[in-house]
Structures are given as C-alpha cells and as structure tokens.
Amino acid sequence: AATAPGKKIKARLKRTLPVRGPQAPTLSELMRWYCLNTNTHGCRRIVVSRGRLRRLLWILLTLSAVGLILWQCAELLMNYYSASVSVTVQFQKLPFPAVTICNINPYKYSAMKEYLSELDKETKKALETFYGFSEGKSKVRRSVDEWNSTGSDFFQQIPLLKVEDFSRTATDLHSGQKRKIEGSVFHKDSSIVNSGDSNDIIGFQLCDANNSSDCALYTFSSGVNAIQEWYKLHYMNIMAQIPLETKEKLSYSADDLLLTCFFDGLSCDKRHFTRFHHPLHGNCYTFNSGDNGTILSTSTGGSEYGLQVVLYIDEADYNPFLVTSTGAKIIVHDQDEYPFIEDIGTEIETAAATSIGMHFTRSRKLSKPYSDCTETGADIPVENLYNKSYSLQICLHSCFQKAMVHSCGCAQYAQPLPAGAEYCNYKKNPNWMYCYYRLHEKFVKEQLGCQQICKDACSFKEWALTTSIAQWPSTVSEDWMLRVLSWDKGQKLNKKLNKTDLANLMVFYKDLNERFISENPANTLVILLSNFGGQLGLWMSCSVVCVIEIVEVFFIDSLSIVMRRQWQKAKKWWNNRKQGSSGKAPQASDVERQGHDNPVCIDEDLPTFTTALRLPLPQDSPLPRTPPPNYSTLRLETAFTEQLPDTLELSRH
C-alpha cells in the first residue's frame, strides 16, 4: 500500500527540523527554550537582552527574586505551624469542683501501735543512742550492751549508721559495731548540717541482696531527715502487708473527721462526701465527687456560697515519727481527675480559719503539628493505673510503677498496683529498697525515659487558689463554740474539744468569671496558598501554572534528558564493544541518534506551511520542484523597527 503524503512529509520534517522544547537533546537547548516561552519575564530578558552588562544585570535580578521568594516562603511555612492564643471570659453559673480532704496523719496512732511497736522501739533507741533522748527524765546515753538483746533481726537489715568525719567506716546504731562502707555515698542535701558532733553524719546503707559489695550509703543534712526517711521505708514495708479493709478501719471515718458542713448556704453532711483510700494519707473524703451522677454548682460568688467545713484533727492521736506537722491537706480538682494530694495538696492549719478563693480557667492547646500534647493519652505507650482521665502526673507515676515492677519484681506502696503485681515487702522481696532507690535516682535524672514518653494533656481545667488565714475561734467566742461542738460530738468523742484539734475551712469562687484560654492556628491552608501566590506574583510575576511549568522543565524534562544521554552513552559503549569483538567497522545505522533522529521524539501534529518551506531540496530527484508562489500581497508589516532573526529568516523564504 502506498504511503500517505501526509506521513511522508511528517517523516521528512522530523529528519530535517531541529527539536526544541521539552524534547530538546541537551539541557542548554531546554533552558533556552524555557526562557523564551515562560511567563516569568526575568528569565526571558536574560536570553533576549543585548549586551553582556544588561544580561548580567537581569541574571542578578532574577536570582535575587528567586532568593527572596524562597526566604519568604520559608517564613510562611514556619508561621503556618504557629498558633495564636485567645482568652475568652464568660460570666455564668459554674459547676463546683471536687474538694478532697485528708488528715495529715493517715492512721490513728492508738490503733496502729500493735503494727508499729517494733519500728517505734528501734526509732526510740536510735534517738537515744545518737542524741541522748529517752522517755524517762534522764537523757544520758544508754550503753549498747543494754539493748543489744532487744533488737529485732527485722531491722538489722537496714540499720541507721553514724559516719564519722566522712571516712569509709560507720557505726551501726543498732549493734554499736563498726562496718566498712562499700559503694557510693549519696548526700541528700548540698550542705551537711548536724545537730550533734559536726563530724558526725547520720544515714543508712542499702545493699544489693544478690551482691553484698554493691551498696550505697544515703546521708542527710540532719538527723531528723535521716530518721524520718528511714522510718518511712520500714513503715511502707509494714503497711504493704496489711489488707486494705483493715487499713480503712485503722484510719479516720467521716464522722471522725467532719464536724459541721455547709454548701451554698445550706447544710450538708457525710452523705455528700465520697471516701477513697490513699496509700500515704489513709482515708480521704471528696466533696462533690460526682459518683452519684450529680455535680453541684453555685450561682453566686463569695465565701457564704461555697463549701464551709469544720474538721476534727485529733492531734493527740498523731504518729510522732511519721508526721511532724498538724492539720489537714486539701486539693481542688475536677471530678475526672485523680487527686495527687501528696504532690500539690494545700495544708490547712489548726486553730485557724483558712479561706481559699478560686478562679476557674479552662485551657485548650493545639495538638500536632503545633505542639507535642496528647488529646486522651491513647497514643502514649503507658498504661493508666489510676482509672481517671489522662494527665502528665498520672503518666509519670504509672511509668515509674511499671518500671518498678519490671526491675524490682514488685510495686511501690505509694502508687496503684498494676495487674498481676503485689506491693513490695521484706519477706517476699528482700532487695526492694535498694532497687527502689536506684530506680528512683534514674527517674529523677530522666534516665528511665518516662519524661520523654509522657506528654502534657491538650485540654485541662485549673482552679487558681488564693489562700488567707485568720485566727479561729476568736478569744471571746472560743469558750461557747468549743462547748457547743463538744456537746454535738460529745457522745462520739468522749472528751472535751481543744481548739488545736479543730480547723475551719472555706472554699468558694471569688467570682463566676470562667476564663477560657485556647490556641488557634495563626494561618490556614487557604491563607498560606494566598501568601505563596502573592510572593510569586510580587517577585517573579508568576502563577501556579508557572510553578507547575518550572517543576516540569527543571525536574521532569531535565531528568529525562540526563537519563537519555546516559542511556545513549551506555548504548554506544555496548555497540562499540560488540563491534570490537566482531572486528566489523561501525555502520551509519549504528551512529548515535540525536535530536530529530531520536526515536523518543514523536510528534503527532501534521506539518504546517511554514515548516514545509524549510524542507531542503531532494538530492535524489533530477526534476526540480515548482517554486512556491510569491504571496507579496499577504506580507505583514511589522510594528517594530527591528525584527528578530527568526522572523527575518521566514520573510526571506
């Protein structure tokens, strides 16, 4: 079949005309084509400008504009991930927070004596030996031989030690024998201040039960701190072995703690309080806990419309070695939050009226990519042991407890139990104290990874507290008030009340202004794209289509040309290698194809009249072709005084 004339002309054009545009054979031709056809005027002026100085100026201006665009776009991207803070104040009826109240003394000392008798005996002996204290009138030190036989083997594992002159030897206050100090020495304070001999330091030594040479000596700035810390260690060991039901009976009941109660001007009683047992503070009572599905609110600010309670402290039944202050601890929190009263609780004095005014604030932070906070804690790889809403404290305590169970084989007494674990005690875990101190040291130094894993909550509520204290009851009202309170509670207390056993507490909203602090994105995606467009139009007179064109030419087409050149070089090398091995001379068909001979260059557009004029005369045809007609009547007069070279060439034809 005969070939169509259109296809013959098309084939002749592809062999004759040079290829420009995205199918250019070299990068220089591609860049020249881009500069002549792009909408960015700076690039075009680089090519068409006459004179080296003018061309150099346009190159500098274009590069400066590109640099400014990149700088401004980088600033826009950085501002896109920033947030603005807005504060909204609303006046409305506010829900009253939960108020948790605990006695500073966790358990009645009279009920705990049978469990703490041996520990108290050892503590008194240490005080007598080191300071000369005794329960009798004489304060002369007892000789060690007098009470060697009364010592318990239970406390010989971790006795109190007296280190003399920072030497590596210490005196056992239990046996009176000197022992060599192995391992490291950790001072709990930066300065060493002692109440006795200035060269004496008191502390205790903890050793690894599996390696007696691996020990650590913990010393303190005073004997009071050392004895209290040593007492608490043994105290937690004893309490971990007592069942929860028994400990609840040993602590204070609601009738013991609460004498009077008023809320929002109305009387309330123990039914408005919910008991929960805290490992370190015994029975605590939460007002307005929301467990019954109802959360109380207040419609008026001021002390008369808040919570008012009178607490019975019973100082005479305090543990003298466990606590050194008298009063109660309270914490204001949300109903879904766990009350970390040991960390952020506020202490209430006895024989005083404590007024706590509140300001309520809700805060909302943006999560990623604006900040590193978590919405619900579900993305934190730490199990919540408290069954309350997520907070940073819950995460840190849960993380440490899990590390304690993993490293020491048991759980620390002051925190909730993980599933399948049990609290540490000497009988089952003789090495737990040493393990706990070592682990806590790593936790404080942020070597456990808990501080890196745990994040702040994105949403949280906060009650800013303002505390004021006044003497209570007053001198003129003390007599009748104590008589009335003794009459009301006399049948249960069986003794006359003393004002040092009482504490008056008032918790109220200072105003009903709810402050809402929120973070909002400083820029949205629409604003970001609009700013990008403004920068491109200002510096390069460019649009989004121009950006797509740049991506196509400088990345896709340039990469295609480079890969094509590499492929051609590899193909030529392979052909030369084959010809060298066969001994044949290279043929014309094997020569590298470039430009219009490249098989990749395929153009399906039919030739135009202008391109047909540029066809050369056929060399194999003896007959001359008929010259094209002279369309002088159709010649266009240019509006420019000078024509471009390509138009001059066209006019000659």
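**Pocket and helix packing in a predicted model**

Q: In this predicted model, what is the volume of the second largest pocket?
A: The model is predicted, not experimental in origin. Its second largest pocket has a volume of about 1,200 Å³.

Q: Which residues are the closest to the centre of the second largest pocket?
A: The lining of this pocket holds 36 residues. Those closest to the centre are Glu229, Lys232, Leu280, Gln412 and Tyr436.

Q: How many residues in the lining of the second largest pocket are nonpolar, polar and charged?
A: Sort the lining by class. The residues divide into 17 nonpolar, ten polar and nine charged.

Q: Helices α5 and α7 pack against each other; are they roughly parallel or roughly antiparallel?
A: Helix α5 covers residues 109-131. Its axis and that of α7 are 11 Å apart, at an angle of about 160°. Angles over 145 degrees count as roughly antiparallel. The two helices are therefore roughly antiparallel.

Q: Which residues of α7 meet α5, and is the crossing left-handed or right-handed?
A: From α5 come Met112, Tyr115, Leu116, Leu119, Asp120, Glu122, Thr123, Leu127 and Tyr131. They meet Gly223, Val224, Ile227, Trp230, Tyr231, His234, Tyr235, Ile238 and Met239 in α7. By class, this contact has 13 nonpolar, three polar and two charged residues. The crossing of α5 and α7 is right-handed.

Q: What is the orientation of α11 to α12?
A: These helices pack with axes 10 Å apart and an angle of about 140°. That angle makes α11 oblique to α12.

Q: Which residues of α12 make the contact with α11?
A: The α11 side is Leu396, Phe400, Ala403, Met404, Ser407 and Cys408. Ten residues of the contact are nonpolar, two are polar and none is charged. On the α12 side are Trp432, Cys435, Tyr436, Leu439, His440 and Phe443.

Q: How are α7 and α12 oriented to each other?
A: Their axes lie 12 Å apart. The packing angle is about 120°. Roughly perpendicular ends at 115 degrees, and roughly antiparallel starts over 145. The pair is therefore oblique.

Q: Which residues of α12 make the contact with α7?
A: The crossing of α7 and α12 is right-handed. From α7, the contact uses Glu229, Leu233, His234, Met236 and Asn237. The classes are five nonpolar, two polar and one charged. The α12 partners are Trp432, Met433 and Tyr437.

Q: Is the peptide bond from Trp472 to Pro473 cis or trans?
A: Pro473 is in the loop between β21 (459-471) and α14 (478-493). Omega for the bond from Trp472 is near -15°. The bond is cis.

Q: What is the phi value of Asp264?
A: Asp264 is in the loop between β10 (258-263) and β11 (266-267). Its phi is positive, in a residue other than glycine. The value is near 55°.

Technical notes: Residues numbered from 1 in each chain as written. Predicted model: local features only at pLDDT ≥ 70, side-chain atom pairs only at ≥ 80, totals over all residues. Heavy atoms only, no water. 1 Å grid on protein atoms, 1.4 Å probe; cavity = no way out; pocket = protein on both sides within 12 Å on 5 of 7 lines; lining within 4 Å. Points joined across faces, edges and corners; volume = space filled by probe spheres on them. Nonpolar A, V, L, I, M, F, W, Y, C, P; charged D, E, K, R; others polar. Axes fitted to C-alpha atoms, helices over the stretch in contact; angles between N-to-C directions. Helix = DSSP H or I, 4+ residues; strand = E, 2+ residues; numbered from the N terminus. Parallel < 35°, antiparallel > 145°, perpendicular 65-115°, else oblique. Left-handed = near helix turned anticlockwise from the far one by under 90°. Contact = heavy atoms within 4.5 Å.
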